[in-house]
Amino acid sequence: MNLLVTGAAGFIGSTYVRTLLARHAPHAPEAPRITVLDKLTYAGTLDNLELGHPRLEFVHGDIRDAELVDKLMAAADQVVHFAAESHVDRSITGAGDFVLTNVVGTQTLLDAALRYRVAPFVHISTDEVYGSVESGSATEEHPLRPSSPYSASKASADLLALAYHRTHGLDVRVTRCSNNYGPHQFPEKVIPLFITNLLDGRQVPLYGEGLNVRDWLHVDDHCHGVDLVRTHGRPGEVYNIGGGTELSNRDLTALLLKACGAGRDRVRHVEDRKGHDLRYCLDWSKARTELGYRPRHDFTAGLAATVAWYREHRDWWEPLRRRVDGGHG
Ligand code: NAD
Ligand code: TDX
């Protein structure tokens, strides 16, 4: 079986690929062969991938390159599509790449998948498509009310993917997950940004009052959920994948300060994010009842292990910080 995985030089995609490769012996004949397509934007790094693995091929390219995508899709049996511009703050200062990669790139992949009837096509969407959920939790039927250019581009891609199922009968499956954390996350997202700042003796920029709430999901649990959808999900269906640990940014920051042995003086209150969603919260009972999904990682232990990973892997994150520094204090 040939699996095409897009965006797997990034955080979640690379974790997914490492997990799949580790499941079998390197030369096991029944194990999937994986082709990664990644453009290596600022967010992608080959350090995330085991390049010498006999069942892994890396292709450097853009998901909008229709000729390249056609060639790869012709050789693929299944697709898991992670590639995206993924950072909300960047979409506020410039939305162009978000529309090009997240919308046009997804459509380019869907068109090619349709030509070769590649199935399933698992599309990785996000809880942000529902917009802020001020109370209760969003089921898969909740209206889509994205707030940022990022989430609007992800909602567009998500709806396009579902349209290829309704119009063409393509076996598309969509996952919408909550905020991921864990090793290998690019140090612009709140958890790795705050950890690496604290390890470097800097302050952490907390937006507004720090009262916004996120539901934290360990990246390994997310990858487990994605694979359940790939192997046991139903065509045309959406699956929410939640983490079960709701925290305000203020409370999260307090945990990170403690884990890094830093005091409250290291918090700098900065201007709030424009259009900042107050809260995300998913109802993931569909994934639980249909697929047997449940998050397995305890947040306290998972966060401690994540802090330890960043402590021990300066060689991984220092070059990435240099790519983006100037924007973060
Ligand atoms: P990431 O930014 O770490 O990685 C994205 C990868 O996509 C990078 O390797 C980048 O080089 C690649 N890429 C970007 N544009 C490309 C293009 N045009 N062609 C080919 N490759 C391209 O992102 P992530 O955090 O790993 O997120 C993966 C997916 O999960 C995204 O679709 C994101 O929207 C979704 N998601 C992420 C989270 C989260 O908490 N990180 C939560 C919900 C959903
Ligand atoms: O410097 C910061 N200070 C701060 O207070 C940053 C970067 C963030 N924050 C706050 C904003 C959010 O309320 O922390 C919270 C989390 O922010 P991000 O890490 O940027 O994540 P979020 O905006 O919630 O989006 C993430 O989850 C959903 C991913 O980046 C998306 O790709 C995913 O779709």
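Let me begin with the cysteines: the sulfur of Cys-281 is 14 Å from the closest cysteine sulfur, in Cys-177, which is too far for a bond, since a disulfide here is a pair of cysteine sulfur atoms within 2.5 Å. The structure holds zero disulfides, and for Cys-177 the nearest cysteine sulfur, that of Cys-223, is 9.3 Å away. Cys-281 counts as buried at 12% relative accessibility, and Cys-177 is buried too, at 6%, where buried means under 20% relative accessible area, computed with a 1.4 Å probe and protein chains only.

Please keep in mind that this is a predicted model, in which local features need pLDDT of at least 70 and side-chain atom pairs count only at pLDDT 80 or more, while totals for chains, interfaces and linings use all residues. Residues are numbered from 1 along each chain as its sequence is written, chains are lettered from A and ligands numbered from 1 in the order in which they are written, and side-chain values use heavy atoms, with hydrogens and water left out.

Now to ligand 2. Of the 22 residues around ligand 2 (a heavy atom within 4 Å), those that come nearest are Thr-126, Glu-128, Tyr-150, Arg-273 and His-276. An N or O atom in the side chain of His-276 lies 2.7 Å from an oxygen atom of ligand 2, and a backbone N or O atom of Ser-86 is 2.8 Å from a ligand 2 oxygen atom. Taken alone, ligand 2 exposes 650 Å², of which the protein buries 94%, with accessible areas from the Shrake-Rupley method and a 1.4 Å probe.

Notes:
A polar contact is a pair of N or O atoms within 3.5 Å; within protein, one must be able to donate a hydrogen and the other to accept it, and residues adjacent in sequence count only if both atoms are side-chain atoms. Buried means under 20% relative accessible area, exposed over 50%, partly exposed in between (1.4 Å probe, protein chains only).
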